[in-house]
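Good morning, and thank you for coming. Please take a moment with the sequence and the structure before I describe the sheet and its helices.

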Amino acid sequence: MKNQEIFAYDFDGVVSLGIRPRFSDDVIITGRCQEEADYVFEKLGEMGISATVYFNQMTLQERGNHTVEARIFSGRHKARTIYNLKEEGIDVVRFFDDDEVQIAVIKQWHPDLDIVHIVSTLSLIHI
């Protein structure tokens, strides 16, 4: 039996800009921590998006905010989540992200993954 193939999306700088999951099986893998879930779900609700969201399991204090180290932690979380989904029979075949540091980390773990680098001046606005 073939694994289910899906697309996955980062939240900030991707979904937050209006790039929407195609199908209900597609997922959002965000570097945001679980303690930021209310904010993310509020924004997704405003956008009419009900996709499954995978949050970073670190606390915001552990992860930090907008540092290179925090971005590496977020990239590892995304790469690990993609790996865990594959173990469950769900293949992420395309990932959308706007952060080049996180993309590099994901590429280290998943060199064959199709990653779409979203580049926008809008991503500089904190939504």
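Let me begin with a definition: contact means heavy atoms within 4.5 Å. Helices (H or I, at least four residues) and strands (E, at least two) are DSSP runs, numbered from the N terminus. Axes are lines fitted to C-alpha atoms, for helices over the stretch in contact, and angles run from 0 to 180 degrees between N-to-C directions.

As for sources, this is a predicted model, in which local features need pLDDT of at least 70 and side-chain atom pairs count only at pLDDT 80 or more, while totals for chains, interfaces and linings use all residues. Residues are numbered from 1 along each chain as its sequence is written, and side-chain values use heavy atoms, with hydrogens and water left out.

I turn to the sheet. It is open, has five strands in the order β3-β2-β1-β4-β5, and its pairing is parallel; two strands pair if DSSP finds at least two bridges between them. At the edges stand β3 (52-56) and β5, each with a single partner strand, so one side of each has no neighbour in the sheet. On average, neighbouring strands are turned by 25° against each other, direction ignored. Helix α1 (residues 37-47) packs on this sheet and touches β2 and β3, its direction making about 150° with that of β3. Helix α3, in turn, lies across β2, β3 and β4, and runs at about 145° to β2.

Which strand is largely enclosed by the rest of the structure? Strand β4 (residues 90-97) is, because six of its eight residues are buried, that is, under 20% relative accessible area, with exposed meaning over 50% and partly exposed in between (1.4 Å probe, protein chains only). Strand β1 (residues 4-9) pairs with β4 in the parallel sense over six bridges. Gln 4 stands opposite Ile 90 in β4, and Ala 8 stands opposite Phe 95 in β4. Ala 8 also stands opposite Val 27 in β2, a strand (residues 27-33) that pairs with β1 over two bridges.

With strand β5 (residues 114-117), β4 forms four parallel bridges, and the partner of Phe 95 there is Ile 115. From β4 the chain crosses through helix α4 (residues 100-109) to β5 in a right-handed β-α-β crossover; right-handed here means that, with the strands pointing away from the viewer, the path from the first strand over the helix to the second runs clockwise.

Finally, the helix pair. The axes of α3 (residues 68-87) and α4 come within 8 Å and cross at roughly 40°. That makes α3 oblique to α4, given that angles under 35 degrees count as roughly parallel, over 145 as roughly antiparallel, 65 to 115 as roughly perpendicular and the rest as oblique. Residues making the contact include Ser 74 of α3 and Gln 102 of α4. Ser 74 counts as buried, at 5% relative accessibility. Beyond its neighbours within four places in sequence, Ser 74 is in contact with Gly 31, Asn 56, Arg 63 and Gln 102.
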